Amino acid sequence: MTAHLTAAEQRTRPAGVAVSDLTVAFPAGGRELPAVSHVSLDLTPGKITGLVGESGSGKSTLALALMNAVPKPGLVTSGSVHIDGIGNVLSLTGSGLRRVRGPGIGYVFQASQNSLNPLKTVGKQLLDLGRSHGEKNLRGLLRRARELIEDMGLDAVRVLSSYQHELSGGMRQRVGIVFALLLNAQVLVLDEPTTALDMLSQASVLEIIKRVHRDLGLTTLVISHDLGVVGELADRTVVMYAGRVVEEGETQGILRDPRHPYTRGLLAAMPRITGDLELARALPGRPPDLLTIPRAGCVFRERCPLAMPVCADSEPPDTLSGGRRFACFAAAGSAGATSAGHAETEAAS
Amino acid sequence: MIVATGITRTFAGRGGRRSTPVHALRQVDLTIPDGGAVSFIGESGCGKTTLGRILCGLEGFDGGELTIDGQPVSRLRERQRAPLFRRIQMIHQDPYSALNPTRTIANILGDPLALRARQLGKPDDWIAGRRAELLGLVGLDPGYVLPRYPHMLSGGMRQRVVIARALTVDPEVLVADEAVSMIDVSLRLGILRLLRDLRSELGISLLFITHDVATARYVGQDGELYVIYRGAVVEHGSTDTVIQRPVHPYSQCLLSAIPVLRGIEEPGPDRLIPLAPLEERVEPPGCLFRPRCPFARDDCAGRQPPLGRLGGTEQEHACRYPQNREVVAVPAANA
Ligand SMILES: Nc1ncnc2c1ncn2[C@@H]1O[C@H](COP(=O)(O)OP(=O)(O)O)[C@@H](O)[C@H]1O
Ligand SMILES: Nc1ncnc2c1ncn2[C@@H]1O[C@H](COP(=O)(O)OP(=O)(O)O)[C@@H](O)[C@H]1O
Ligand code: SF4
Ligand SMILES: [Mg+2]
Ligand SMILES: [Mg+2]
């Protein structure tokens with residue numbers, strides 16, 4: 001994608017990520033069932049992309065696949081993940097992968113509040129991370145860590161000498177971001193970065209994400225089950241349901257005029273601080289798991305207020321309309337837009 | 001009715017002998033009227049759970065008095081307290097650990113109902129009928145959930161089971177402590193609506209504890225809101241007043257922290273953030289919020305401002321310089 005750039009130029013430009021036809025399956029109920037199914041999507045270089053959907057929709061699995069780190073017994077059964085300057089991550093192994101995880105993609109894991117080693121100080125663990133990547137200049141590494149920590153409004157000396165239990169939830173989350181950025185990652189992935197935090201800590205972590213994203217020229221993916229978090233942060237939003245991307249587009253447009261009934265349902269189900277409370281509507285039913293995802297037709301049809309007979313027969317194809325992509329028969333009918341197969345979608349996005 | 005006056009609770013610090021004591025609650029006054037909705041908001045560590053536990057009799061207090069339906073708790077014997085506290089039931093934030101994983105939902109509800117049947121002198125066959133009735137009330141299908149174990153249910157369904165179990169003892173008050181914070185946003189509204197319905201249909205009063213002001217608004221728009229900071233009430237009034245016209249800078253920070261749905265909302269023009277993170281170990285002189293307050297002046301370090309209506313405000317507050325600020329998101333012009 002950026003073959004005409006030299007390696008040095010690439011480092012100064014935000015990296016793009018292109019996911020194409022990605023399928024990841026887990027064994028369940030005696031068969032291989034897809035947690036992520038034929039997903040294509042781009043992370044625009046230099047932008048924040050938000051990935052939103054209920055628990056179990058496949059967000060973490062998709063994000064782990066970006067580093068070729070799908071947990072066993074999961075299996076990538078189709079597709080590719082291209083990162084500028086790295087190539088197809090899914091074909092890498094061993095030392096190639098080590099170059100991706102850390103220096104390429106910085107990853108803040110879901111529940112990373114609890115992922116620090118309780119027996120070692122933060123400083124020791126940062127050094128361990130550097131050593132495991134063969135970093136010789138540990139002094140420089142610590143300097144960078146100190147800068148990042150201070151950048152996040154924390155006292156570096158205190159944080160580096162602290163154990164996990166001495167840090168609040170918000171502080172641990174910030175330390176998680178420091179770990180992710182320590183090796184100069186170009187792509188930052190944050191999985192549910194504020195889910196266990198209170199509103200004030202959430203707000204300050206969101207501010208920090210915005211700031212490091214901008215200051216370090218990153219390409220960022222933020223995952224959340226909360227449309228509010230994505231709405232506050234993301235330039236583009238990807239809505240996932242049952243392993244599929246059901247809607248994708250520019251965030252403000254999606255919030256102003258959601259096309260897919262699932263996106264509409266997510267938005268209507270948010271308790272809001274202004275406006276008429278009686279307009280809020282609970283999303284009916286519950287999110288499916290691998291065993292209960294409908295095998296044929298639209299995966300959302302059992303919870304969908306607009307479902308029609310055709311929705312039970314075939315999967316709705318992607319519709320492209322004004323920079324938006326969605327997969328819904330009813331929305332396509334009212335869109336007057338072009339219906340696109342997968343190939344066209346990729347060409348257009 | 002529950003009336004708490006001057007409730008104080010201090011814990012010995014957790015960091016050994018050198019550590020400072022934690023003032024979890026400082027002279028909290030609170031009234032929960034029969035059938036009323038009261039919300040208690042603040043960031044984590046501000047004392048919300050401690051208050052909830054005290055109201056449920058799960059935790060003692062060091063100062064002040066708790067009066068339940070006219071009876072001052074501290075003057076009662078243990079034996080007299082139990083039936084009073086039975087009227088107040090707690091819904092925890094974690095529906096995953098609240099239910100015994102080795103028992104079916106049928107047993108989880110059947111056991112307390114068997115006890116209740118004996119108390120009320122009901123025959124054994126009353127139990128199954130009541131169990132089905134309670135499940136209907138919380139929106140669960142008895143045929144589906146009764147034979148299942150907790151891990152087979154979603155977080156939202158589990159929380160409904162927890163609520164049904166609390167209802168087995170016919171409580172008058174439910175204390176919901178972060179009851180939806182571990183549940184997907186998409187499923188929260190269903191639980192919040194249920195709490196609202198229990199109030200309107202059964203007349204159960206509600207103490208709703210949360211760090212998320214929007215959920216407090218949903219369950220208790222017609223009720224009272226208490227904003228608590230480091231164990232002290234800093235603003236208290238009708239929910240609508242405090243949300244729409246907050247005067248304490250801390251309340252304003254909490255309201256500012258609610259994510260703005262850009263495209264359909266715009267940040268309030270006065271949106272603000274605290275100057276610094278909370279330093280629990282430092283006990284500043286004067287107003288406790290001063291080190292984080294963007295509007296602090298020199299004399300804020302003087303005396304701790306008492307809760308009152310300085311400036312002729314509708315609500316009570318504890319700020320020396322109360323001022324209305326537009327911090328809540330507003331609908332976007334082009335939405
Ligand atoms: N290690 C695993 N083994 C089996 N199933 C898994 C595993 N990880 C995830 N899954 C299943 O894949 C689906 C998607 O999970 P996940 O990617 O964690 O979703 P999300 O992050 O959106 O909550 C779920 O149904 C989940 O149960
Ligand atoms: N049993 C205890 N021993 C020592 N400190 C405690 C205990 N329970 C709570 N605390 C402290 O009291 C303060 C208030 O806690 P809590 O009521 O849980 O707050 P919240 O529910 O608002 O997060 C915190 O600083 C907490 O660490
Ligand atoms: S395709 Fe049909 S079932 Fe699926 S979301 Fe659209 S209307 Fe609903
Ligand atoms: Mg996840
Ligand atoms: Mg609590």
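Guide: A residue is near a molecule or strand if one of its heavy atoms lies within 4 Å of it. The model is predicted, so local features need pLDDT of at least 70 and side-chain atom pairs count only at pLDDT 80 or more, while totals for chains, interfaces and linings use all residues; side-chain values use heavy atoms, leaving out hydrogens and water. Residues are numbered from 1 along each chain as its sequence is written, with chains lettered from A and ligands numbered from 1 in the order in which they are written.

Visitor: Which residues surround ligand 1?
Guide: The surroundings of ligand 1 are Phe26(A), Ala35(A), Leu290(A) and a run made up of Glu54(A), Ser55(A), Gly56(A), Ser57(A), Gly58(A), Lys59(A), Ser60(A) and Thr61(A).

Visitor: What lies 2.5 Å from an oxygen atom of ligand 1?
Guide: That is a polar side-chain atom of Thr61(A); a polar contact is a pair of N or O atoms within 3.5 Å, and within protein one must be able to donate a hydrogen and the other to accept it, with residues adjacent in sequence counting only if both atoms are side-chain atoms. A side-chain N or O atom of Ser60(A) is 2.8 Å from an oxygen atom of the ligand. Gly58(A) contributes a polar backbone atom, 3.0 Å from a ligand oxygen.

Visitor: And where is Leu290(A) found?
Guide: Leu290(A) sits in the loop between helix 11 (261-268) and helix 12 (310-313) of chain A; helices (H or I, at least four residues) and strands (E, at least two) are DSSP runs, numbered from the N terminus. Although Leu290(A) and Ala35(A) are 255 residues apart in sequence, their C-alpha atoms are 6.5 Å apart. Beyond its neighbours within four places in sequence, Leu290(A) is in contact (heavy atoms within 4.5 Å) with Phe26(A), Ala28(A), Leu33(A), Pro34(A) and Ala35(A). Its relative accessibility is 21%, so Leu290(A) counts as partly exposed; buried means under 20% relative accessible area, exposed over 50%, and partly exposed in between (1.4 Å probe, protein chains only).

Visitor: On to helix 7 of chain A: how many of its residues are buried?
Guide: Of its 13 residues, 12 are buried, so helix 7 of chain A is largely enclosed by the rest of the structure. Among the elements covering these buried residues are strand 6 (105-108), helix 5 (138-151) and helix 8 (199-215) of chain A. Helix 7 comprises residues 169-181 and reaches 19 Å from its first C-alpha to its last, close to the 18 Å expected; the expected span is 1.5 Å times one less than the number of residues.

Visitor: Now chain B. In what order do the seven strands of the open sheet come?
Guide: The order is 6-7-8-3-9-10-12, with mixed pairing; two strands pair if DSSP finds at least two bridges between them. Strand 6 (88-91) and strand 12 (316-317) of chain B are at the edges with a single partner strand each, so one side of each lacks a neighbour in the sheet.

Visitor: What about strand 9 of chain B: how many of its residues are buried?
Guide: Five of its six residues are buried, so strand 9 of chain B is largely enclosed by the rest of the structure. Strand 9 pairs with strand 3 of chain B in the parallel sense over four bridges, and Tyr226(B) is the bridge partner of Phe40(B). With strand 10 of chain B, strand 9 runs antiparallel and is joined by six bridges. Two residues lie between the strands of that hairpin, where Arg230(B) takes a positive phi near 45°.

Visitor: Which residues come nearest to ligand 2?
Guide: Of the 13 residues around ligand 2, the nearest are Gly45(B), Gly47(B), Lys48(B), Thr49(B) and Thr50(B). An oxygen atom of ligand 2 is 2.6 Å from a backbone N or O atom of Gly45(B), and one is 2.9 Å from a polar backbone atom of Lys48(B). The side chain of Thr50(B) has an N or O atom 2.6 Å from a ligand oxygen.

Visitor: Finally, is Glu178(B) buried or exposed?
Guide: Glu178(B) is buried, with a relative accessible area of 9%. Glu178(B) has a positive phi of about 50° although it is not a glycine, and its place is in the loop between strand 7 and helix 7 of chain B.
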